[in-house]
Amino acid sequence: MAITDKIYLKNHRQIASQLDTNVPKGAFKGATLDLVFTGDGLAEVDESTRDRLLEFAEDFLDCDCQDNPYCGHPERKFVQYLLELRAQGFGPDAIVDVMGDDYMLYAYSGDVLSFLDSAVRTLEAVESLAEVEGDDEMARKAREARDALTG
């Protein structure tokens, strides 16, 4: 299961109440994106919630794809956001706190830790395969990316 399947709206019940409809907890669920991140949905929530949801939309839903937001780019951008937070030195608990502050989202620290561990293991595998193939440049890039996540 992808980490984006484990990212939830922090004030899910409050948002559902303000919209007067059922909203899935998952931030990247299609129905959540439809209900919360449309103009109609945003008009129904309080100003503080609206500001955070707009920031999320601007940061992750801004691609020009015809299938936006169902093109996969929002999920990839969010994964990059998580990896950048880790590279800045944030641990799983702090990452959860930052995403809550930034976008009113939450996740379980254990899920974030598992995601980060998987990312490190994947980079180790890429580095090893690149070395076997003699691709020193790719091995170096994978090693640097891994070191950024483990440092």
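How many salt bridges does the structure hold? The structure holds 10, a salt bridge being a side-chain nitrogen of Lys or Arg within 4 Å of a carboxyl oxygen of Asp or Glu.

This is a predicted model, in which local features need pLDDT of at least 70 and side-chain atom pairs count only at pLDDT 80 or more, while totals for chains, interfaces and linings use all residues. Residues are numbered from 1 along each chain as its sequence is written, and side-chain values use heavy atoms, with hydrogens and water left out.

**Stop 1: the segment before β1**

Select Thr 4, which is placed in the segment before β1. Helices (H or I, at least four residues) and strands (E, at least two) are DSSP runs, numbered from the N terminus. Thr 4 has a relative accessible area of 7% and is buried. Buried means under 20% relative accessible area, exposed over 50%, and partly exposed in between (1.4 Å probe, protein chains only). Leaving aside neighbours within four places in sequence, Thr 4 is in contact (heavy atoms within 4.5 Å) with Phe 28, Glu 75, Phe 78 and Val 79.

Next, select Lys 6 and Asp 111, whose side chains meet in a salt bridge at 3.9 Å, N to O. Lys 6 lies in the segment before β1 (8-9) and Asp 111 in helix α7 (residues 109-133), so the pair ties together parts that are 105 residues apart in sequence.

**Stop 2: helix α1**

Select residues 12-19, helix α1, and colour its buried residues His 12, Ile 15, Ala 16 and Leu 19. Seen down the axis of α1, these residues fall within an arc of 100°, so they line one face of the helix; the arc is that of the directions from the helix axis to the C-beta atoms. The face turned away from the buried side of α1 carries exposed Arg 13 and Ser 17. After α1 comes Asp 20, with a positive phi near 55°.

**Stop 3: helix α8**

Select Arg 140 and Glu 144, which form a salt bridge with the closest N and O atoms 2.7 Å apart. The two residues are four apart in helix α8 (residues 136-150), a separation of about one helical turn. Glu 144 is partly exposed at 45% relative accessibility, and Arg 140 is partly exposed at 31%.

Then select Arg 146 and Asp 147, whose side chains meet in a salt bridge at 3.5 Å, N to O. Arg 146 counts as buried at 17% relative accessibility, whereas Asp 147 is partly exposed at 37%.
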